[in-house]
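Here is a short report for a first look at this structure. Keep the view open while reading.

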Amino acid sequence: MAEKSMDFVSVSQDYFIGMPQLALGGLSENWLLKECGHQHWLALAKRLDLPAPNFVDQQGRHMYAAFLVVKISNAALHQVTENSRLWIETQLTRVSASRSYSRHDLYLEGPDSHRDCVARVELLSSFVNRSELGNNQSVARGEMAKGDWSANEAASQMVAQHKAGRTLPDAALSVSAVPFVYQPCPYADFNGADFLYFAQFQAVMDRAERFFQSDLQALNHISERNSMALWQTVERTICYYGNINLDDGLEANLYAMPSADQDSSLLSHCGRLYRQSDHALIANVITRKRYLDHSLVRFQEKQASLKSSTNVGGES
């Protein structure tokens, strides 16, 4: 269902939740980003009175709505479980000839068909095209003169975040002098537009977090959590500055951002993602997670405790 006004277009989509939408501990953040990106494209096509998201500039060049900033807030992904009913309510506004802003509110069906908001996702995109076919480092901003646009405060704030994201926060504490290195797989990490998919930046940062977890927890003053602890995203902001070509690699530097109250249930960090070929910054990722109490971790802790007891008994 879609609703269009002079300033925005609204789209509503419902989902019956199963394994494709789920991850360990609740709704998959990676699926959520992909789906909201898809809804952004569909809503943008409706805003431009196009039957499909096939964007072409005045010179006839194909364009894509690439994301500049992705923001997740107030997320309670653990509440979304198998066989639950979820709605994503999308509202999109064009804010310039090249940029569009969308807000996606997630509602979960509760008792008596009451809907509870379990997350908000905001996306800021810009039309882009390649000046050289096959070269993802030749991307330039494009424009769609068709239609009108209007100012939006939330979009302006995201533009400011994008500019600020090029600089490392003062409170950031380096986790390691050696970066986490990731070699993207062309079959899993690139999308149909031949770019490293915007949602995979989140996946790479989660891998880097897991790799550095013990040191990251220590710098966040939560070393009492063991290295098997699980954390689930509450807030995340990703600012994008570039992409990579086929067979280029990624390097991720992670920085702890401990909370002032040293809350042991929270894990916060800043991630800087660099292109390996020229060490150019291609993303800045600010993440805030909450401790996830999970049976898999409790089992591992139990096994470790039993093993420790056995070793002590054997030594005596």
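## A buried charge

In this predicted model, E251 is buried yet has no salt bridge. The nearest side chain of opposite charge is R275, 11 Å away.

E251 sits in strand β14, which covers residues 250-256. Its side chain does have a polar contact of 3.5 Å, with the side chain of Q276. Beyond neighbours within four places in sequence, the contacts of E251 include P179, F180, V181, R272 and H279.

## Salt bridges

The whole structure holds 12 salt bridges. One of them joins the side chains of R47 and D148, at 2.8 Å from N to O. R47 lies in helix α1 and D148 in the loop between β10 and α2, so the pair ties together parts 101 residues apart in sequence. R47 is buried, at 7% relative accessible area. D148 is partly exposed, at 34%.

D206 and R236 also meet, at 2.9 Å from N to O. This pair links helix α3 to strand β13, parts that are 30 residues apart in sequence. D206 is partly exposed at 23% relative accessibility, while R236 is buried at 1%. Shared partners join E29, D206, E209, R236 and K289 into one salt-bridge network.

## The largest pocket

The largest pocket has a volume of about 780 Å³. Its lining counts 34 residues. Nearest its centre lie A66, F67, V128, V139 and N243. Elements giving two or more residues to this lining include α1, β6 and α3.

How values were computed: Residues are numbered from 1 along each chain as its sequence is written. This is a predicted model: local features need pLDDT of at least 70, side-chain atom pairs count only at pLDDT 80 or more; totals for chains, interfaces and linings use all residues. Side-chain values use heavy atoms; hydrogens and water are left out. Helices (H or I, at least four residues) and strands (E, at least two) are DSSP runs, numbered from the N terminus. Buried means under 20% relative accessible area, exposed over 50%, partly exposed in between (1.4 Å probe, protein chains only). Lys and Arg count as positive and Asp and Glu as negative; His and the chain ends are not counted. A salt bridge is a side-chain nitrogen of Lys or Arg within 4 Å of a carboxyl oxygen of Asp or Glu. A polar contact is a pair of N or O atoms within 3.5 Å; within protein, one must be able to donate a hydrogen and the other to accept it, and residues adjacent in sequence count only if both atoms are side-chain atoms. Contact means heavy atoms within 4.5 Å. On a 1 Å grid over the protein atoms alone, a cavity is a set of points where a 1.4 Å probe fits but cannot get out, and a pocket is an open set with protein on both sides within 12 Å along at least five of seven lines; lining residues have an atom within 4 Å of a point. Grid points are joined across faces, edges and corners, and a volume is the space filled by probe spheres set on the points.
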